[in-house]
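Grab a pencil and let's work through a few exercises together. Try each task yourself before you read its solution.

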Amino acid sequence: EGAWPARGGGKMASTAAGKQRIPKVAKVKNKAPAEVQITAEQLLREAKERELELLPPPPQQKITDVEELNDYKLRKRKTFEDNIRKNRTVISNWIKYAQWEESLKEIQRARSIYERALDVDYRNVTLWLKYAEMEMKNRQVNHARNIWDRAITTLPRVNQFWYKYTYMEEMLGNVAGSRQVFERWMEWQPEEQAWHSYINFELRYKEVDRARSIYERYILLKALAALVLVHPEVKNWIKYARFEEKHSYFAHARKVYERAVEFFGEEHMDEHLYVAFAKFEENQKEFERVRVIYKYALDRIPKQDAQNLFKNYTIFEKKFGDRRGIEDIIVSKRRFQYEEEVKANPHNYDAWFDYLRLVESDAGAESVREVYERAIANVPPLQEKRHWKRYIYLWINYALYEELEAKAKRTRQVYQACLELLPHKKFTFAKMWLLYAQFEIRQKNLPLARRALGTSIGKCPKNKLFKGYIELELQLREFDRCRKLYEKFLEFAPENCTSWIKFAELETILGDTDRARAIYELAIGQPRLDMPEVLWKSYIDFEMEQEEYERTRSLYRRLLQRTQHVKVWISLAQFELSAGQQERLPRCRQVYEEANRAMRSCEEKEERVMLLESWRSFEEEFGTEATKERIDKLMPEKIKKRRKLQAEDGSDAGWEEYYDYIFPEDTANQPNLKLLAMAKLWKKQQQESEAAAMDPDKDIDESQT
């Protein structure tokens, strides 16, 4: 009875022990990637860096007798065989095994290893190469031939086998054998370089006829499926022809070129073939043949595909032809292109410009004049100036060409025809009138120039015309005419301040200051001016140059009656400071005070700040402590404010912050300042009362104290 529980208990104990042996697999709760990722490369590098124990190299073993050598060979062979048995497809193990046997001069064993390896992978190129190199290295020529034969039979598309096989036969002096290998290779229709290697091989042994026959086969070999050449490329024909030319078979070379031209026909014409053909004939001094070839090709090859052909033809004509012939060809080609462009769009004036530039550089005057007449006949359809801006330059270039190349009479006719064509009631081109006047002056015909400019002012007055006419009379020193022109100019454009200033400057240069002053007075009295500030500044500078300080001061006061701009006040103060009188400082300070009073009602507070800063700079340089203290009290306080923004549709667009200035002497702002100060005081009292309510113990401690 005591045994049964023991047995049962033992069974339970063994079950418990078995259960304890099985490890529990922990469940991964967080399957997200770790923040720091470790790569396999990093693990390997760290393992290498932490390698503390360095194993010593194995001791060198010296073999002293034959038994030890055989034992060493046995162990080494067993190691190689084990490696091969583990993975037969690793060809490097086979090659190492064979090279080791070769190093022991065990050639038969090495052959056996290579043969076993070829049974495993006969497509491995390296294996065949190593096998053949071993036989050649050990002068086993027949064995090497056998291996090369097997290699090219098994893998005929590996060109390296053929190259090495033919090279070996040639090095052995077996020219016939090498030729036989080449013939076998050519049956497979290899790539281009293989054919050239065969040709070069024959040329090395002066077999020109054989090389020619190879070229013939190379070019005329046909595919079996269709009657299409294996290498129907132009360069192959050219190489064949150059081969014949190199060996002085010029008739054969010409025949090759002619056959190539006939073969490609007009459907597949290539400019490179004709360039090579022409250069061959050029070397043979057959210049007429060259010219015929180039013309034949240029007439049939599209222009965009014959750029190189045309370039070579040009070079040939420059070397052996006359100048006129080559230029005619160039011009005719480009003229054809431009003719197509202007026919497609007659109002493409840029194409006309290019066309005219070409014709001017080559053709005669009549041809150029004819093209100009055709170009100017394409008048813009709409009478809007933007459509005429490019067109008018055709007339300008036409007139300049006639003046420079032809006669002056035709130039005058061109200008007059252009001016009659322009619709002056709608718009005109001042440059055309001015160019015509300058032309007449160059012809020493001043009355016609003046008449042209006078007509232009009468028909279509423009600022540019007046300025050009006045500049002309100034160059001629006709000052009375200049005065009359300025009067007409100002009647036409009385708001042009630049004209008033130039007129007054002219009178100043002539020494008539009273007339200049009268002109300025007329100018500032105009109801509308384009740049009045420039005019007033010029008038003031004029009076200052004349040292008329009272007049200058009066001008400033008159200007201040029209505008209260801060720059005018600052300029007046600087004028008073630079007047050079004894009372300049009080006068300057008085101007600043007057400006400050005048600008209290100004809405632009930045301008008032600019004035006060200028005043402070003046006081810092010339003032006393009292005046400096006073200006410091006038300086405003800069505060930040917010205002509400509205979008264009009236909706709220948020708030923006901006800076405002509060001036101490501005009485209108004093109530606001007092209210702001009282609000700040009330807010401070509220904060103190809230703090006292939050901490009653502090009040008790303070009362006890």
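**Exercise 1: a surface patch**

Val-36, Ile-38 and Leu-43 make a nonpolar surface patch of about 320 Å². This is a predicted model, where local features need pLDDT of at least 70, side-chain atom pairs count only at pLDDT 80 or more, and totals for chains, interfaces and linings use all residues. Residues are numbered from 1 along each chain as its sequence is written, and side-chain values use heavy atoms, with hydrogens and water left out.

Task: find where Ile-38 lies, and decide whether Ile-38 is buried or exposed.

Solution:
- Step 1. Look at the loop between helix 1 (3-21) and helix 2 (40-49): Ile-38 is there. Helices here are DSSP runs of H or I with at least four residues, numbered from the N terminus.
- Step 2. Recall the cut-offs: buried is under 20% relative accessible area, exposed is over 50%, and partly exposed is in between (1.4 Å probe, protein chains only).
- Step 3. Ile-38 has 54% relative accessibility, so it counts as exposed.

**Exercise 2: a pair of rings**

Task: work out what kind of aromatic pair Tyr-72 and Trp-100 form.

Solution:
- Step 1. Rings of Phe, Tyr and Trp (its six-membered ring) pair if their centres lie within 6.5 Å; planes under 30 degrees apart are stacked, over 60 edge-to-face, and the rest tilted.
- Step 2. The whole structure holds 13 aromatic pairs. For Tyr-72 and Trp-100, the centres are 6.4 Å apart and the planes at 65°, so this pair is edge-to-face.
- Step 3. Tyr-72 sits in helix 3 and Trp-100 in helix 4, 28 residues apart.
- Step 4. Tyr-72 is partly exposed at 26%, while Trp-100 is buried at 11%.

Definitions and conventions: Patches are made of residues with over 30% relative accessible area and no salt bridge: like charges are joined within 9 Å, nonpolar side chains (Val, Leu, Ile, Met, Phe, Trp, Tyr) within 5 Å. Accessible areas come from the Shrake-Rupley method with a 1.4 Å probe; for residues, only the protein chains shown count as cover. A salt bridge is a side-chain nitrogen of Lys or Arg within 4 Å of a carboxyl oxygen of Asp or Glu. Helices (H or I, at least four residues) and strands (E, at least two) are DSSP runs, numbered from the N terminus.
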